[in-house]
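Colleague: Please take one part of this model and look at it closely. I would like to know how it is held to the rest.

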Amino acid sequence: MTAEKGSGLPTIVGATLPNLKVGQLVDQSQFIFLSGDSNQEDITNNANRVWSAMKCHSYVLNDNPGVDHFSLPSNVNVLNRLLTTLKAPRHHC
């Protein structure tokens with residue numbers, strides 16, 4: 001398995017709402033940010049590491065600092081790495 005993630009970008013994960021009311025609008029100063037790819041925080045992006053414990057499977061998680069979530073599919077480094085992986089010989093148990 002090969003996984004690609006972006007990181008290092010401010011990513012909204014929630015908002016501070018001391019007095020939640022119906023129809024309330026959130027001011028940008030209330031947003032809570034973590035590092036991520038602007039769409040998924042690092043916690044979510046790293047969740048696929050469970051594959052590293054799977055027997056008979058290879059696993060690689062490639063980090064792409066500064067690359068946002070929606071740019072990953074067209075990122076030249078990601079595409080080249082995936083093509084190289086596809087061309088590599090497969091190892092079996």
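Modeller: A salt bridge here is a side-chain nitrogen of Lys or Arg within 4 Å of a carboxyl oxygen of Asp or Glu. The model is predicted. By that rule, the whole structure holds one salt bridge. Its partners are R81 and E4, whose side chains meet at 2.9 Å, N to O. R81 lies in helix α2 and E4 in strand β1, residues 2-7, so the pair ties together parts that are 77 residues apart in sequence. Side chains of opposite charge can pair when their charged atoms come close.

How exposed is R81? Its relative accessible area is 26%, so R81 is partly exposed. Buried would need a value under 20%.

Now the helix itself. α2 runs over residues 76-87, twelve residues in total. From first C-alpha to last, α2 reaches 17 Å. That is close to the 16 Å expected at 1.5 Å a residue. An α-helix has 3.6 residues a turn, so residues three or four places apart point the same way.

The start of α2 has a contact too. There, a side-chain oxygen of N75 reaches to within 3.0 Å of the backbone nitrogen of N77.

One more side-chain pairing deserves a look. The count of aromatic pairs comes to one. The pair is F31 with F33, arranged edge-to-face. Their ring centres are 6.3 Å apart, with 90° between the planes. F31 is partly exposed, at 27% relative accessible area. F33 also counts as partly exposed, at 42%.

Definitions and conventions
Residues are numbered from 1 along each chain as its sequence is written. This is a predicted model: local features need pLDDT of at least 70, side-chain atom pairs count only at pLDDT 80 or more; totals for chains, interfaces and linings use all residues. Side-chain values use heavy atoms; hydrogens and water are left out. Helices (H or I, at least four residues) and strands (E, at least two) are DSSP runs, numbered from the N terminus. The expected span of a helix is 1.5 Å times one less than its number of residues. A polar contact is a pair of N or O atoms within 3.5 Å; within protein, one must be able to donate a hydrogen and the other to accept it, and residues adjacent in sequence count only if both atoms are side-chain atoms. Rings of Phe, Tyr and Trp (its six-membered ring) pair if their centres lie within 6.5 Å; planes under 30 degrees apart count as stacked, over 60 as edge-to-face and the rest as tilted. Buried means under 20% relative accessible area, exposed over 50%, partly exposed in between (1.4 Å probe, protein chains only).
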